[in-house]
Amino acid sequence: MLDAPLAAPPVIAADGSALYAATASSELLRLTVPALEPAARTTLAHRPVALAAGSGPDAILLVGGQGEEPLSAHDPLTLAELARYRHRDGKTATVSALMDNPGRSALVVGFGD
């Protein structure tokens with residue numbers, strides 16, 4: 001099913017309908033639950049290390065990684081890229097953790113450097 005090993009722990013959509021996975025070959029996948037069949041796929045601009053799926057009607061999927069643009073936001077259904085976030089000094093950065101905070105309708109990003 002996967003063409004490369006996982007690069008980050010997979011996360012499940014808040015409604016339980018999908019599982020998101022990122023591979024070492026920088027592929028982002030949306031798999032249906034419970035069949036785990038591919039529903040969407042895209043290639044990331046950075047090497048992924050963390051995923052977080054938001055909840056609610058305006059939910060997004062964040063993918064953190066390493067590089068000059070270490071964070072990207074994606075549509076949770078199509079995986080289309082919505083935004084990329086650059087390190088403000090143009091240097092490389094590493095996202096070390098991502099977490100959904102549903103009580104505040106927010107996603108939390110932690111940087112390792």
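What share of the contacts in the protein with a separation of 6 or more is accounted for by residues 24 or more positions apart?

1. The model is predicted. Among contacts with a separation of 6 or more, residues 24 or more positions apart account for 34%.

2. Secondary structure. The protein contains ten strands and zero helices. Read from the N terminus, the order of elements is therefore β-β-β-β-β-β-β-β-β-β.

3. Overall dimensions. The C-alpha trace spans about 40 × 35 × 20 Å along its principal axes. The radius of gyration is 13 Å, and a compact globule of 113 residues would have a value near 13 Å, so the two agree.

4. Burial and surface. Buried residues make up 36% of the 113 in the protein.

5. Charge. There are 12 negative side chains and 8 positive ones. The centres of the two sets lie 7 Å apart.

6. The cis peptide bond. Between Val 33 and Pro 34 the peptide bond is cis, and its omega is near 10 degrees. Pro 34 belongs to the loop that joins strand S3 (27–32) to strand S4 (38–43).

7. Leu 36. The loop between S3 and S4 also holds Leu 36. Leu 36 is not a glycine, yet its phi is positive, near 55 degrees. How much relative accessible area does Leu 36 have? The value is 33%, and Leu 36 therefore counts as partly exposed, since that class lies between the 20% limit for buried and the 50% limit for exposed.

8. Ser 26. A positive phi is also found at Ser 26, a residue other than glycine, with a value of about 65 degrees. Ser 26 sits in the loop between strand S2 (18–22) and S3. Is Ser 26 buried or exposed? Its relative accessibility is 14%, so Ser 26 counts as buried, the cut-off being under 20%.

How values were computed: Residues numbered from 1 in each chain as written. Predicted model: local features only at pLDDT ≥ 70, side-chain atom pairs only at ≥ 80, totals over all residues. Heavy atoms only, no water. Helix = DSSP H or I, 4+ residues; strand = E, 2+ residues; numbered from the N terminus. Rg over C-alpha atoms; globule rule 2.2 N^0.38 Å. Buried < 20%, exposed > 50% of the residue type's maximum accessible area, 1.4 Å probe, protein only. Contact = heavy atoms within 4.5 Å. Lys, Arg positive; Asp, Glu negative; His and termini not counted. Charge placed at Lys NZ, Arg CZ, Asp CG, Glu CD.
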